[in-house]
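Reader: Could you take me through the structure below, giving the cut-offs behind each term as it comes up?

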Amino acid sequence: MKALVFDGFGGPEVLSVRNIEEPKRSKSTVIVRMKAIGLNFADVYRRKGNYHLVGEPPFILGYEGAGVIEYVGEDVQHVKVGDRVGFADAPHANAELVSVTADKLLPLPDGISFETAATVLLQGLTAQYLTDDSHPVKKGETVLVHAAAGGVGQLLTQMIRMKGGQVIGLTSSEEKADVAKKAGADHVFLYGSDWVDSIKEATDGRGVDVVYESVGQTLMNSFEATKTGGTVVFFGMAGGDPEKIDPRMLMDTSKALIGGDLWNVLTTHDERKRRTAELFEWIISGKILIDEPTLFSLEQGADAHRLLESRKSTGKILLKP
């Protein structure tokens, strides 16, 4: 089978398509023929060597995608050959065939294409748990969303609006600000501006109720933009490590810092199916709108990585086997 692989850490140029051995079949395995593969910053970090990789070269990136089941081991009960499925956390997805444990497979309803599933599973489930679990958004709350033009940012914005909240977005450019406004942000400010002051002005000096913080280096600014008694949900550090937090600041301001990680939520197959079914229903009913992804072939994998790292893309980037 074809796979996008690399033998040593480095830039996008280390990636190449190669013919390698197909995944081994066994009584407990399920093999999926991939139709669409999601590209995420975690793939970039693994390619660079920032994240630990298991095994020996050639390494295969990719953890998210969708396709059709081609083989089911005799010990597997709840799926069958021909089923349309997706997954958000199965390794080695950058290939024509992927071995996926059955409890991580998610059924795709008729209204969800392979491309939509690969676009929305990881980012959509992330936005869903952030607004449902980390801080359940309430009607009337004002919420600050970092990187509001990104995949998670656009979905967060739509889910917050769906729950009756108002959104203030932060982006790096006017072009991305337009994207955030299209997703439903009520106000959008640029990172290069005095955005904390702008947020205070937009909220009559009060500050926002909640911040969804994914940049890291902006954590203290996020606290400054939050009202007394407000909450900062920290779920990423795309811009670098955050400053250390003095608990006395939290005490003095009655503010809360909450951490969020998707894998602490998706702990059972039933939980995965329940959350995914809700997410897909929002998409099918039009409550959540998904932008068309940017498509690359596996052979163009290095170019896809370059585009993602450039931070010039605003929607999802997919690889097609």
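Reader: Which residue forms a salt bridge with Glu299?

Author: This is a predicted model, in which local features need pLDDT of at least 70 and side-chain atom pairs count only at pLDDT 80 or more, while totals for chains, interfaces and linings use all residues. Residues are numbered from 1 along each chain as its sequence is written, and side-chain values use heavy atoms, with hydrogens and water left out. A salt bridge here is a side-chain nitrogen of Lys or Arg within 4 Å of a carboxyl oxygen of Asp or Glu, and for Glu299 the closest N and O atoms are 2.8 Å apart, the partner being Lys2.

Reader: How many residues apart in sequence are the parts that this pair, Glu299 and Lys2, ties together?

Author: Glu299 lies in the loop between β15 (294–297) and α9 (301–310), and Lys2 lies in strand β1 (residues 2–6), so the parts tied together are separated in sequence by 297 residues. Helices (H or I, at least four residues) and strands (E, at least two) are DSSP runs, numbered from the N terminus.

Reader: How are α2 and α8 oriented to each other, roughly parallel or roughly perpendicular?

Author: Axes are lines fitted to C-alpha atoms, for helices over the stretch in contact, with angles running from 0 to 180 degrees between N-to-C directions. The angle between α2 and α8 (residues 269–284) is about 105 degrees, and their axes are 10 Å apart. Angles under 35 degrees count as roughly parallel, over 145 as roughly antiparallel, 65 to 115 as roughly perpendicular and the rest as oblique, and α2 and α8 are therefore roughly perpendicular.
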